[in-house]
Amino acid sequence: GFAMLLGLWRRREALHQATNRLQLLEDFDPLTGAANRRRLEQAFADRHQRLGEGGESLAVAILDLDDFAQINKIHGHAIGDRILVELRERLQTLLGPKDFLARPGGDEFVLLLSYPGDRKSLVDRLQIFAQALQMGFALGPQAVLRLEASIGVAALSVNSAPFLDGVLREANQALLEVKAHKQDREQIWAIYGEKTARRAQSRAQRLLAEKAMEVWYQPIIDGRNGHTLGVEALARLRDDDGKILTPGEFLPYLHLEEIQELSWMVLARALEDVAELEKEGWPLWFSFNVPAESFTEFCLPCLEGALANSKIPAERITIEILESSDFLDQTQAARVMQGIRAIGINLALDDVGTAYASLQRLRDLPINKIKIDQGFVRELPAHPEDLHFIRTLQDLALETHVEILVEGVETAEILDMLVTIGIPQLQGYAISRPVPLSQLRRFLENPFSLQAQRPATLLGLYAGIMSIHSVVKKTLQPMGQQILVLGNVIQREGFYDQALSRLGYSPGDPLHLAYRAYQSRLSRALAAQVDSFQSTIWQEVEDALRQLQKAILAERQREILVAADGSAASLRGQM
Ligand code: C2E
Ligand code: MG
Ligand code: MG
């Protein structure tokens, strides 16, 4: 009797627990733990019943992340989920005792807000939620994702119907309205029944629309002789009172599409101006800036059209890629960049050395020039040891056949340091500030002259010694247990001749011959004291090196095949 009773009781208990668990699943969104649609209905009904009690009013708000699908696509669902979870936690901390938060699905949160009834206190609370939504999300130690969000609100009155659906429909309408005004909305929320407050058009937008844009040019010189090689075209806006606005003053007030339009205007103007200068006897190249974010919608045919209408060949144009966020659809952007390179236009990575212009971009994108950021350069007089970074990038550029330019050359001392260590292209105030076309002409007529004697300053001397020391150090190769002198490598029967013999390649072997060819051309180049790595004699060394590297890799491939064959043969032997 008792055992049967106990069994029954246990079964009942188990059933009870299972129902509880089910209840829990039904009540909460499993990802964020926020209440779900069912609990939202209950909470709404509950609060609606007490509407007007103690002077409190109720508002229902839909909080929605813009382009959330895009985030899932680009960063993956794990990141998307993390953002939702963090968002829920953020919102939770802002809830009062009578508020309620739910996530009925997707990227939407719904909020039941209790407030004292006057519009101002509702708006104050909405502002606080808006701030929480707009705060960045840390993806890693460096990467912060900034999301846009929108909030649609329906404020209930004492005689509002007790149907959540109807109220949500109103909130959703306000949401759509505020999303439609993303470009010019004053704030990210809208209350149903009110007109979205429009932001007054910014001064920058107005000036751009009125085509009050000018293009100024900053010369770029050859570090060996001071000759002007080209110019960077930089946008300026001229205000009504004649004052010039720099990009730092107007870019923050422009939307991405407007910045894109600006870049096209700069290109068009620069094409005309540079063609004009060419007629006057100065054949320069030029570069202009394009934000990386716009490469996904970059218009290749527009570029081709602009080129077709100009006498400036594509090879004399460089697009500088600026990155201000990590929000970049890599594959699509890379495809556009391939297209740009295929036309013959050069691609430079701007501001290398700042957080966003990473070496990974250099490896993955078809970039053929890098511009070292002024942040690296400006501090050189205070921290001359930082020159190591520039020197290393110089090496990387040299070996990956990428051009290198240093910008922000602000003082004569910095110029001296960079010229002394042989930076090939320089740009900065010490040479010239960005100037309008007429002043650029004057610069070209009285060009900048580099002092003949280098180094010319103590810091230049410091840089020179540092650079030569590192060169000497590099000619001493730590190789296994010993330090080898470069000469030992170049001389006949030297280190690598012996290594080749040891690996089984006799002096008559093609691999050995390829090494000898490289060796003799290198010796010749060293003896000839060539003045640049572009010289024919040095190109021949590079060619010989490529042949040698190809021969080594081909030989290795052959070895792998032979080994595979051998093991196949020995397998057959066993059978
Ligand atoms: P950026 O492309 O890195 O351009 C170089 C900036 O450094 C220019 O500022 C230039 O005046 C400044 N600069 C040059 N030499 C020196 C120097 O020795 N010392 C110091 N302290 N600064 C120097 P600017 O013209 O104000 O442009 C700022 C940024 O605005 C540019 O940086 C570029 O990112 C952006 N920008 C400029 N024009 C355009 C444009 O047409 N389209 C787009 N999308 N962005 C532009
Ligand atoms: Mg630039
Ligand atoms: Mg730059």
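**Close-ups of a predicted model**

Asp351 is partly exposed, at 24% relative accessible area (buried means under 20%, exposed over 50%, partly exposed in between, with a 1.4 Å probe and protein chains only). This is a predicted model, where local features need pLDDT of at least 70, side-chain atom pairs count only at pLDDT 80 or more, and totals for chains, interfaces and linings use all residues. Residues are numbered from 1 along each chain as written, chains are lettered from A and ligands numbered from 1 in written order, and side-chain values use heavy atoms, without hydrogens or water.

**View 1. Asp350, Asp351 and Glu407 hold the magnesium ion (ligand 3).** Along the sequence, the donor spacing reads D-D-x55-E. Asp350 also bridges to the magnesium ion (ligand 2), 4.0 Å from ligand 3. With 5% relative accessibility, Asp350 counts as buried.

**View 2. Helix H20 covers residues 510-528.** Helices here are DSSP runs (H or I, at least four residues), numbered from the N terminus. H20 reaches 27 Å from first C-alpha to last, close to the 27 Å expected (1.5 Å times one less than the number of residues). Its buried residues include Leu511, Tyr515 and Leu522.

View 3. Asp509 caps the N-terminal end, with a side-chain oxygen 2.9 Å from the backbone nitrogen of Leu511. After the helix comes Gln529, whose phi is positive, near 50 degrees.

Methods: Helix = DSSP H or I, 4+ residues; strand = E, 2+ residues; numbered from the N terminus. Polar contact = N/O pair within 3.5 Å; in protein donor to acceptor, adjacent residues only side chain to side chain. Donors = N, O, S within 2.8 Å, 3.2 Å for Na, K, Ca; no water.
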